[in-house]
Amino acid sequence: MRKFLTPQARVLISYHNDLWGPILTFASKIGLRKKVGIQNWLDERDLGNILNLSGFEVTSTQKRFFGITTITIARPNPQKRIRIREYGVSIIIPARNEEGSIAKIVPSIPKFGKWQEIIFVEGHSKDKTWERIKEMERTLLRQGSGRARKIIALKQKGIGKADAVKLGLSKATGDILMIYDSDRTIDAADLVKFYNALAYGVGEFANGSRLVYPMEKDAMRTLNKIGNKLFSSLFTWILGQKFKDTLCGTKAFFRKDYIKFKHTKTDPFGDFDLIFGAIRNNLKVIEIPVRYKVRVYGSTNINRLHHGLLLAKMVFLAFKEFKSQT
């Protein structure tokens with residue numbers, strides 16, 4: 001809509017207050033309200049973020065009908081967004097036991113930026129993940145992409161995703177660094193959204209969020225979703241910036257900022273060293289909504305109890321550093 005509207009135009013969005021979600025869902029179940037399909041309940045900050053990413057700014061938000069309905073009014077942002085320049089991009093892809101996904105990853109990544117280097121970090125796979133990565137590397141060489149797009153294949157000596165991410169980032173030479181999970185539960189086409197958010201100066205640290213759009217059935221277990229929302233609320237409170245989904249594997253940030261981040265051995269996920277680094281350096285965090293899909297190959301490495309305890313540990317460490325000393 002943005003490019004078709006005049007500066008005087010206004011967009012009016014009417015939607016249900018997210019706090020009424022459980023009540024209205026219950027009313028549908030007992031027949032007091034018409035049944036509807038799968039819905040995601042967005043709060044004012046979610047909607048404001050989507051509008052901001054789309055080139056709008058909120059002018060007012062009003063409650064109607066005993067708080068059930070919320071009306072948000074937005075206008076086209078008067079500041080025209082212009083890319084400062086084109087950036088070289090490094091995309092780090094940790095891969096373990098993802099033989100069936102590798103061949104589809106590179107073709108699904110859109111062409112954006114001045115050039116791209118796609119860095120696969122294979123970590124102790126029991127299938128033919130490494131062989132598939134090397135095949136993709138040879139295919140790209142035959143196509144003669146040159147500097148525009150190349151593959152770097154690395155074998156991980158350490159253990160775990162965090163170690164793989166650090167290895168990939170240490171070899172990256174791009175101006176913008178991205179992390180993308182090889183299970184393809186996030187569409188690689190969304191990576192251009194992360195690039196644009198940084199290239200247009202909307203944010204300095206782009207964090208993916210799987211909890212905005214409705215996700216595919218069985219993409220995330222109910223307990224995982226509840227735990228993710230709980231921990232995200234805690235991190236938002238502790239860190240002072242909105243984090244709706246701290247464990248989305250897709251992130252983007254500038255290399256010049258990353259070299260200032262503190263590298264620890266306490267983060268088993270590979271996400272929190274980056275998030276904490278962004279907060280320590282006072283970077284503007286922007287959330288990029290992404291659609292979350294069911295993995296089509298292999299099985300998840302998530303253990304709810306074990307990883308839940310590790311998340312609780314990260315909450316404690318974040319509180320100790322960012323809250324207890326203030």
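**Cavity, pocket and packing**

Author: By class, the lining of the largest cavity has six nonpolar, two polar and four charged residues. Please keep in mind that this is a predicted model.

Reader: What is the volume of the largest cavity?

Author: The volume of the largest cavity is about 80 Å³. A search of the whole structure for cavities of 30 Å³ or more finds one.

Reader: Which element gives the most to the lining of the largest cavity?

Author: That is α5, with four residues. Both α5 (161–171) and α9 (272–280) supply at least two residues of this lining. Among the lining residues are Ala-162, Val-165, Lys-166 and Leu-169, and also Tyr-258, Phe-261, Asp-273 and Leu-274.

Reader: Let us move to the second largest pocket. How much space lies in it?

Author: The second largest pocket holds about 1000 Å³ of space. It is lined by 34 residues, of which Gln-39, Asn-40, Trp-41, Lys-225 and Lys-229 are the closest to its centre. Two or more lining residues come from each of α1 (21–29), α2 (44–53) and α7 (222–239).

Reader: Which of the elements has the largest share of that lining?

Author: The largest share belongs to α7, which gives seven residues.

Reader: And how do the residues of that lining divide by class?

Author: The lining of the second largest pocket has 15 charged, 10 nonpolar and nine polar residues.

Reader: Are Phe-205 and Phe-253 buried or exposed?

Author: Phe-205 is buried, with a relative accessible area of 0%. Phe-253 also counts as buried, at 0% relative accessibility. Ring pairs link Phe-205 and Phe-253 with Tyr-258 and Phe-261 into a cluster. Tyr-258 and Phe-261 also belong to the lining of the largest cavity.

Reader: Which charged ends sit over rings?

Author: Lys-256 has its charged end over the ring of Phe-254, 5.0 Å from the centre of that ring. The charged end of Arg-291 sits over the ring of Tyr-213, at 4.1 Å from its centre.

Reader: What does Ile-179 touch?

Author: Leaving aside residues up to four places away in sequence, Ile-179 touches Ile-92, Val-165, Gly-249, Thr-250, Lys-251, Phe-253 and Leu-274. Val-165 and Leu-274 are among the residues that line the largest cavity. Ile-179 lies in strand β7 and, at 3% relative accessibility, counts as buried.

Reader: How far apart are the C-alpha atoms of Ile-179 and Tyr-200?

Author: They are separated by 19 Å, and the two residues are 21 residues apart along the chain.

Reader: One last topic, helix α6. Which of its residues are buried?

Author: In α6 (residues 191–199), the buried residues are Leu-191, Phe-194, Tyr-195, Ala-197, Leu-198 and Ala-199.

Reader: What do they pack against?

Author: The buried residues of α6 pack against α2 and against the strands β4 (88–95), β7 (176–179), β8 (205–209), β9 (251–254) and β10 (285–289). Just after α6, Gly-201 takes a positive phi of about 80°.

Note on methods
Residues are numbered from 1 along each chain as its sequence is written. This is a predicted model: local features need pLDDT of at least 70, side-chain atom pairs count only at pLDDT 80 or more; totals for chains, interfaces and linings use all residues. Side-chain values use heavy atoms; hydrogens and water are left out. On a 1 Å grid over the protein atoms alone, a cavity is a set of points where a 1.4 Å probe fits but cannot get out, and a pocket is an open set with protein on both sides within 12 Å along at least five of seven lines; lining residues have an atom within 4 Å of a point. Grid points are joined across faces, edges and corners, and a volume is the space filled by probe spheres set on the points. Ala, Val, Leu, Ile, Met, Phe, Trp, Tyr, Cys and Pro count as nonpolar, Asp, Glu, Lys and Arg as charged, and the others, Gly among them, as polar. Buried means under 20% relative accessible area, exposed over 50%, partly exposed in between (1.4 Å probe, protein chains only). Contact means heavy atoms within 4.5 Å. Rings of Phe, Tyr and Trp (its six-membered ring) pair if their centres lie within 6.5 Å; planes under 30 degrees apart count as stacked, over 60 as edge-to-face and the rest as tilted. A charge sits over a ring if NZ of Lys or CZ of Arg is within 6 Å of the ring centre and within 35 degrees of the ring normal.
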